[in-house]
Amino acid sequence: MRKLLWSAALVMCVATQACSNETAVLSLDPPQGTYVGGEEIVIKGRNFPAGRGGVSVMFGRHAATNVIIESQSAIRVTSPAGDRNAEADIVVMFDDGRAYQLKNAFRYLDATDNSKVMKHFGNKK
């Protein structure tokens, strides 16, 4: 019975890739911000080298600041300034040479149009 359970767990692990040891960059939270930058963004993924190396993050041609690997599943950054109403590729580069790209993953909003910003961020008080 124990062997059957281990086999089933292994099949589920392979099928869902939840047990993967591969590093992956999966999403941003939030996936948008104002074009002036300066906003806290969390890059979500798996198997980040927390405590074992450095990382740099690019929003298109612009480098993020305050880049911190918080855990194996989160990197916290401050967004750089970008072009109004434009999308930017996100590139995460680890010190060991590995690089990952999220194509058009971040949208810069026009901060002068308050209705667009509130629509995307919600009315936070």
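Me: Where is the place of Thr78?
Reply: Thr78 lies in strand S7, residues 74-78. Helices and strands here are DSSP runs, H or I of at least four residues and E of at least two, numbered from the N terminus. The model is predicted, so local features need pLDDT of at least 70 and side-chain atom pairs 80 or more, while totals for chains, interfaces and linings use all residues. Residues are numbered from 1 along each chain as its sequence is written, and side-chain values use heavy atoms, with hydrogens and water left out.

Me: Why is Thr78 called buried?
Reply: Its relative accessible area is 19%. Buried means under 20%, exposed over 50%, and partly exposed in between (1.4 Å probe, protein chains only). Thr78 therefore counts as buried.

Me: What makes the link from Thr78 to Asn66 a polar contact?
Reply: The two side chains meet at 3.0 Å. The definition asks for N or O atoms within 3.5 Å; within protein, one must be able to donate a hydrogen and the other to accept it, and sequence-adjacent residues count only through two side-chain atoms. Asn66 is also in the contact list of Thr78 (heavy atoms within 4.5 Å). Beyond four places in sequence, that list also includes Gly38, Glu39, Ala64 and Thr65.

Me: Which sheet holds S7, and in what order do its strands run?
Reply: The sheet is open, with the order S1-S3-S7-S6 and antiparallel pairing. Strands S1 (24-29) and S6 (65-71) are its edges, because each has a single partner strand and one side left without a neighbour in the sheet.

Me: How do you know that S1 and S3 pair?
Reply: They share five bridges, in the antiparallel sense. Pairing needs at least two bridges found by DSSP. S1 and S3 therefore qualify.

Me: What makes Thr23 buried, although its place is in a loop?
Reply: Thr23 sits between helix H1 (2-16) and S1. Its relative accessibility is 10%, so Thr23 counts as buried. Its side chain makes a polar contact with the side chain of Arg98 at 2.5 Å. A polar atom of the Thr23 side chain also lies 3.0 Å from the backbone oxygen of Asn47. Among the residues in contact with Thr23 are Arg46, Phe48, Phe94 and Tyr100.

Me: Why is Glu87 called partly exposed?
Reply: Its relative accessibility is 46%, so Glu87 counts as partly exposed. Glu87 belongs to strand S8 and stands opposite Arg107 in S9. Glu87 touches Asn104, Phe106 and Arg107, leaving out residues up to four places away. Pro31 is 56 residues apart from Glu87 along the chain, yet their C-alpha atoms are separated by 9.9 Å.

Me: In what senses does S9 pair with S8 and with S2?
Reply: S8 (87-94) and S9 are antiparallel over six bridges. S2 (32-34) and S9 (99-109) are parallel over three bridges. Gln32 stands opposite Arg107 in S9. In the S8-S9 hairpin, with four residues between the strands, Gly97 takes a positive phi near 100°.

Me: Which residues touch the most other members of the largest nonpolar core?
Reply: They are Ile43, Val57, Phe59, Ile75, Val77, Ile90 and Val92, out of 20 residues. S8 gives the most to this core, four residues. A nonpolar core is a set of buried Ala, Val, Leu, Ile, Met, Phe, Trp, Tyr and Cys residues joined through side-chain atoms within 4.5 Å. Ile43 touches residues including Val25, Leu28, Val57, Ile75 and Ile90.
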